[in-house]
Amino acid sequence: MDSSDEIAIGQVVKSRAGRDKGKIFLVLEIIDNENLLVVDGNLRKLDRPKKKKIKHLIVYNTVVEGLNYKLKNKMKINNAYIRKLLEPFNKSF
């Protein structure tokens, strides 16, 4: 998977390169065909998302439903909400 065509906002991804190798993130924004902004609610918070190349990520089939809707409609999303969404994935991976 080398393009953003198959990735959605709210999709669960895992870093496979860099300092954050092995960490689980949520896709916050798709910048272009090669880059994304990801958050985990802990080290990478909503106000400082991490820019990652798609080729440095393992993309899972899980997409958090409603996250894209909440972002587009400026609904309140905080770091605790992101951590709660990622909690089951951090335990299983």
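Student: Which residue forms a salt bridge with K52?

Tutor: This is a predicted model. A salt bridge needs a Lys or Arg side-chain nitrogen within 4 Å of an Asp or Glu carboxyl oxygen. For K52, the closest N and O atoms of the pair lie 3.1 Å apart. The partner is D20.

Student: How many residues apart are K52 and D20?

Tutor: K52 sits in strand β4, residues 50-53. D20 lies in the loop between β1 (11-15) and β2 (24-30). The pair therefore links distant parts of the chain. The separation is 32 residues.

Student: Is K52 buried or exposed?

Tutor: Buried means under 20% relative accessible area. K52 has a value of 5%, so K52 is buried.

Student: What about D20, buried or exposed?

Tutor: The same cut-off of under 20% applies. D20 has 11% relative accessibility. D20 counts as buried.

Student: Which strands stand at the edges of the sheet?

Tutor: The open sheet has 5 strands in the order β4-β3-β2-β1-β5, with antiparallel pairing. An edge strand has a single partner, so one side is left without a neighbour in the sheet. The edge strands are β4 and β5 (57-63).

Student: By how many degrees are neighbouring strands of this sheet turned against each other on average?

Tutor: The angle is taken between neighbouring strands, with direction ignored. The average is 45 degrees.

Student: Which residue in β3 is the bridge partner of E29?

Tutor: β2 and β3 (residues 35-39) pair in the antiparallel sense over 4 bridges. E29 has its bridge partner in β3. That partner is L37.

Definitions and conventions
Residues are numbered from 1 along each chain as its sequence is written. This is a predicted model: local features need pLDDT of at least 70, side-chain atom pairs count only at pLDDT 80 or more; totals for chains, interfaces and linings use all residues. Side-chain values use heavy atoms; hydrogens and water are left out. Helices (H or I, at least four residues) and strands (E, at least two) are DSSP runs, numbered from the N terminus. Buried means under 20% relative accessible area, exposed over 50%, partly exposed in between (1.4 Å probe, protein chains only). Two strands pair if DSSP finds at least two bridges between them. Axes are lines fitted to C-alpha atoms, for helices over the stretch in contact, and angles run from 0 to 180 degrees between N-to-C directions.
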